[in-house]
Amino acid sequence: VAAFAEDAELVFEGIPVGPFAGRESIGEAYAKQPPDDEIVLLDDDGTYAWAKEPETPAGRMLLTERDGEIAHLRIRYDR
């Protein structure tokens, strides 16, 4: 959570969660419902897979950086 800017936004597409605005809100969301798997980045365009199925693309992560912090993170679930 420390990597997020104070006014960051986290948006999920394909699942009914969020959006979350602000570092505190993002931190609370992850504390209440932490991820249950790790991701593996498959290429430079943000395509990722779940570590449990590392060869099966699961979606894309689109990140916008500002001053060395995450300003906006959009996570799209394709399956």
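Which side chain meets glutamate 13 in a salt bridge? The partner is arginine 74, at 2.7 Å from N to O. A salt bridge here is a side-chain nitrogen of Lys or Arg within 4 Å of a carboxyl oxygen of Asp or Glu. This pair links distant parts of the chain, with arginine 74 in strand 6 (residues 69–77) and glutamate 13 in strand 1, 61 residues apart. Helices (H or I, at least four residues) and strands (E, at least two) are DSSP runs, numbered from the N terminus.

The model is predicted: local features need pLDDT of at least 70, side-chain atom pairs count only at pLDDT 80 or more, and totals for chains, interfaces and linings use all residues. Residues are numbered from 1 along each chain as its sequence is written, and side-chain values use heavy atoms, leaving out hydrogens and water.

Both partners of the opening pair are partly exposed: arginine 74 has 26% relative accessibility, and glutamate 13 has 29%. Buried means under 20% relative accessible area, exposed over 50%, partly exposed in between (1.4 Å probe, protein chains only).

Now turn to arginine 23. Its side chain meets that of glutamate 6 in a salt bridge, 2.9 Å from N to O. Arginine 23 lies in helix 1 (residues 23–32) and glutamate 6 in strand 1 (residues 4–13), 17 residues apart. Arginine 23 is partly exposed at 22%, whereas glutamate 6 is exposed at 55%.

Arginine 23 also forms a salt bridge with glutamate 69, with the closest N and O atoms 3.4 Å apart. This link runs from helix 1 to strand 6, across 46 residues. Shared partners join Glu6, Arg23 and Glu69 into one network. The salt-bridge count comes to five.
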